[in-house]
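Please find below a colleague's note for someone opening this entry for the first time. The points are meant to be read with the structure in view.

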2 protein chains.
Amino acid sequence: MIAEAVQVVSPGPVPEGLLAAFDAYETALLTNDVATLDALFAPGPATVRGDGTTLLVGHAAIAGFRSGRAVIPTRQVAELHVRPVGDDAALVMASTVEPATGATGLQTQLWQRLAGDWKVTAAHVTLPRTQPATPSRAAAAALDRSVWRVVGTPLVAPTGSGPLDGVTVAVKDLFAVAGERLGAGNPAWLAEQEPQASTAPAVAALLAAGAEVTGLARTDEFAYSLAGQNAHYGTAPNPAVPGGIGGGSTSGPASAVALGQVLVGLGTDTAGSIRVPASYQGLVGIRTTHGAVPLDGVLPLAPSFDTVGWLAREVGPALRVAEVLLPGVSATPAAVAPPARTVVLPTVETHAIPAVAAACADRRAALVGEGLLPTAEIVDLAPEILEGWFAAFRTLQAFEAWAAHGDWITAHPGALGADVGGRFAAAADVTAAQADAARATIAEARAWLREVLAGAVLVVPSSAGGAPARDSSAAVVEAERAGTLRMTCLAGLAGAPAVSVPLLHTADGRPAGLCLVGAPGTDLDLLRLAATLEGAA
Amino acid sequence: MIAEAVQVVSPGPVPEGLLAAFDAYETALLTNDVATLDALFAPGPATVRGDGTTLLVGHAAIAGFRSGRAVIPTRQVAELHVRPVGDDAALVMASTVEPATGATGLQTQLWQRLAGDWKVTAAHVTLPRTQPATPSRAAAAALDRSVWRVVGTPLVAPTGSGPLDGVTVAVKDLFAVAGERLGAGNPAWLAEQEPQASTAPAVAALLAAGAEVTGLARTDEFAYSLAGQNAHYGTAPNPAVPGGIGGGSTSGPASAVALGQVLVGLGTDTAGSIRVPASYQGLVGIRTTHGAVPLDGVLPLAPSFDTVGWLAREVGPALRVAEVLLPGVSATPAAVAPPARTVVLPTVETHAIPAVAAACADRRAALVGEGLLPTAEIVDLAPEILEGWFAAFRTLQAFEAWAAHGDWITAHPGALGADVGGRFAAAADVTAAQADAARATIAEARAWLREVLAGAVLVVPSSAGGAPARDSSAAVVEAERAGTLRMTCLAGLAGAPAVSVPLLHTADGRPAGLCLVGAPGTDLDLLRLAATLEGAA
């Protein structure tokens, strides 16, 4: 009997039966005996239960709350104070302790004898929680290692002042930064690295324009994944989809931007490594025209497709960065005509999940209707042609990835996580002849796409769906990846810029991006168009 | 009238005068009208007030609590539920909202009419607190810049394997770490630094023994403060005293340890820079024998007193580090006899606040009584002698501090925060003759103290009081500092080791350290003694 185990403090005689009722309640609470708990609360609309966050009024509301609650941790009554009010009412205050944690709580109940039975007519509960000092004793990382490898305040200060004054940047751990090692998302690789002698020009240009580097952020291993699930450092959070993956391979910069820890995330995009995390996390992301931003000091994956890109929460900061990193383009904004056509490729969109495909079609039609996008033109593309292009893209990407990293991977068996390791293992089997055949196909694809993109903007989903759950099966992740790559490979094949704008949602509310693909060199035009669309969203 | 501004929900007629009494109470609460609040609570020992953390019993205890509380933030009653019990009693439950934050709370009061007046006989308070923040779009720093300058995962990997395998270390930003700049707590200084060519031997020894450096943590500017309030980077949190300063100058490592972000904080102690943050944050801290751990690669403050030291949550990790950094001592543990006497210096303890002085005396007597400390011996020390020693300590510290940093400070006017800047400005006026006179006094003090410490352990408070509030006046902080320095200077004068163990508390529950000072070379003995005391606490 709980009430007998502790001293009962009361200024007067405790009414008969009260302690037995209290005991019954406490026992039912610890065993989650909902029926007894419901019976011991007074029926009717006047019964009230509050905890500081929620005030429940009426027996039905309280019972409803209780039915959805988990079993509470075991606790003990430490002190029991009773304030009788006549023979048929008393206030009971019980302080409680959780033995496991030492956390203390308090519950105050007004008990009233109704039709002969003791019932709670009002309750105020402060659940046991740890003392102010106790949370401090809980281990907490100084840094989220799934997002960052190294962070400073800042890590690298600006070297100049200019349009990016005050801009904080998370740099994907694929860029050289003087004095820092280049981690590439793999601890075995990192362990062999020496500090870099100089800083990649793309990073140096940001620093010279006034930006500071907050830190080096995670990448999927050697950037060869779209998932953002690093086998060594964990899955970076996706604040827009709790429990969802964040996308990669620019995983750390994307999460850092989404978490509000930096204004800009700098990364790379070979097959979607900027656009996919932007899509999954509701961010703006740009993949630049192939060759427009120098890749010196950036670890290659597949040079035929590798580009620099960046992410931000809104178009504004992305545009400011573009004006610094793409000065040649920005010098002549007026010289580039706005696109005259909105290109629609239905064949590509069949690879999106239905909700995203429908959202893309609806949003695009609405934007055309509002005059924010030019007239739509549906362009036919035979499914087998798209498959051939995609196969060629994947073949050449694999061939070049193995050329870049095969020697190191061969010398370090077991150093890679299963997913990326498996992809590289397959890449090892691609022959030079296959790569040559792929290059021929890609040349055709590039010519066709550049013709279609001339004076036009292609509008497709940025990813096949929304962010898959972290605990999705490999098959689900692979299906999402396969669908997504059919969309993202187009910009890679064309060497074209692409901007993902968070304008779509899945049926259950996960964000997805609307991707604007333009002719090579139209990077700034795409961002300015994105700014217009963003404003209209 | 508060109760008229919201709907009053009650299953029956609200007793006359109750709402007026409630209104009066609420108004008094918001204006911190303590006299009215006290009058509205029922007199006598049976009145009770709880909040889940503390259950106060009796009017006197409640009034005492109230007198020490700050004004609560403005709040509004959102809902008011009344449960009458007859004509002379009612339960009132009021949910409250803080307009500034949107935080909600709940207060439940049992009102009873006693001798014609409504009085609260029991109260349960859940203070408004903010809801779990939406993580998605809230800006959050990747790093707490008041604690850290740079952090990695790790920042520096172990160079060997040994007794410190798995130990994470926050290194005070006063130690050279190869490839990293040395920040010294000042941004103007930092901006001029080049990466260090080599790592301080103390840090290198930890790395060789298997430890990893998590990051470089904040120091007060040039370590010339005990407060932990860096004018440029903010006040590091003290998880043991919410709203309290954390102490310094080893401020960042101490907070990182207290927050559970690292196992060990490495720092320096010239005049208490390890012992004071240990005391304020409830940590174990050791200042080593002067010269026992090399100071190469550590920015000096006052070389006559500078020592390496470290902090941990418990004695165990501190002892493991000591066995690595003090190998000569650890090789012959059995050769050092346990102390035969517990030295008490009442003159020194007059500089502690009464609660800490009393706690120290009580705890020491108890430990002697339990046989955990040897027989106590009270040693006289004339107050004017102590003042002379302290003045000499302060004089030589200032002279050496200016010798170390005066040129740089002179060349950088305005670069220092007001507190440390003022201290250096005063240091600039110390003459060589004054320093020589101080050295003579210090030699006398050292001889006397070493004689007293031979075969003995001096037991004093680690700080004059508990952590002052962050918003304390400069006078309060200075008074605490002045009292503390009278205690901490003794180990500095003697070149002796000192270990702070979190065994004391102020009257309001803030931790304070019990400091064990031993003869030079007894560092490990002190830690082993501390482990015994810790176990008995």
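This is a predicted model: local features need pLDDT of at least 70, side-chain atom pairs count only at pLDDT 80 or more; totals for chains, interfaces and linings use all residues.

1. The model scores ipTM 0.72 and pTM 0.75. Chain A has a mean pLDDT of 91, and 92% of its residues reach 70 or more.

2. Which residues touch the most other members of the largest nonpolar core? That core has 240 residues, and the ones in question are A:F175, A:L266, A:W310, B:F175, B:L266 and B:W310. Another core, of 36 residues, lies apart from it and includes A:W148, A:V262, A:A278 and A:L283. As general background, nonpolar side chains in soluble globular proteins tend to be buried together.

3. The buried residues of α9(B) are B:V315, B:P317, B:A318, B:L319, B:V321, B:A322, B:V324 and B:L325. B:A318 counts as buried because its relative accessibility is 0%, where buried means under 20%. Leaving out residues up to four places away in sequence, B:A318 touches B:V284, B:W310, B:A312 and B:L527; of these, B:W310 has already been named among the residues that touch the most other members of the largest core. By contrast, the C-alpha atoms of B:A318 and B:L453, which are 135 residues apart along the chain, are separated by 22 Å.

4. A neighbour of α9(B) is helix α6 of chain B, residues 201–208, and the two pack at an angle of about 110° with their axes 10 Å apart. Angles from 65 to 115 degrees count as roughly perpendicular, so α6(B) is roughly perpendicular to α9(B). In this contact B:A202, B:A205 and B:L206 of α6(B) meet B:V321, B:V324 and B:L325 of α9(B). By class, the residues of the contact of α6(B) with α9(B) divide into six nonpolar, no polar and no charged.

5. Helix α16 of chain B, residues 474–494, takes part in a contact with helix α13 of chain B, residues 383–411, where the axes come within 10 Å and cross at roughly 70°. The contact is made by B:L386, B:E387, B:W389, B:F390 and B:F393 of α13(B), together with B:L485, B:R486, B:C489, B:L490, B:G492 and B:L493 of α16(B). Its residues comprise eight nonpolar, one polar and two charged.

6. Helix α15 of chain B, residues 432–453, also packs with α16(B), their axes coming within 8 Å and crossing at roughly 95°. Here too the arrangement is roughly perpendicular, for α15(B) with α16(B). On the α15(B) side are B:I442, B:A445, B:R446, B:L449, B:R450 and B:L453, which meet B:L490, B:G492, B:L493 and B:A494 in α16(B). The contact of α15(B) with α16(B) has seven nonpolar, one polar and two charged residues.

7. Apart from its neighbours within four places in sequence, B:A392 is in contact with B:A438, B:T441 and B:I442.

8. Finally, some backbone features deserve a look, given that most residues other than glycine have a negative phi, and most peptide bonds are trans. In chain A a cis peptide bond with omega about 0° joins A:T153 and A:P154, and A:P154 is found in strand β8. In chain B the peptide bond from B:T153 to B:P154 is cis, with omega near 0°. A:A184, which is not a glycine, has a positive phi near 55° and is buried, with a relative accessible area of 0%. A:F222, also not a glycine, has a positive phi of about 50°, and at 1% relative accessibility A:F222 counts as buried.

Terms used: Residues are numbered from 1 along each chain as its sequence is written. Chains are lettered from A and ligands numbered from 1 in the order in which they are written. Side-chain values use heavy atoms; hydrogens and water are left out. Axes are lines fitted to C-alpha atoms, for helices over the stretch in contact, and angles run from 0 to 180 degrees between N-to-C directions. Helices (H or I, at least four residues) and strands (E, at least two) are DSSP runs, numbered from the N terminus. Contact means heavy atoms within 4.5 Å. Ala, Val, Leu, Ile, Met, Phe, Trp, Tyr, Cys and Pro count as nonpolar, Asp, Glu, Lys and Arg as charged, and the others, Gly among them, as polar. A nonpolar core is a set of buried Ala, Val, Leu, Ile, Met, Phe, Trp, Tyr and Cys residues joined through side-chain atoms within 4.5 Å. Buried means under 20% relative accessible area, exposed over 50%, partly exposed in between (1.4 Å probe, protein chains only). pLDDT is the predictor's confidence in each residue, from 0 to 100. Angles under 35 degrees count as roughly parallel, over 145 as roughly antiparallel, 65 to 115 as roughly perpendicular and the rest as oblique.
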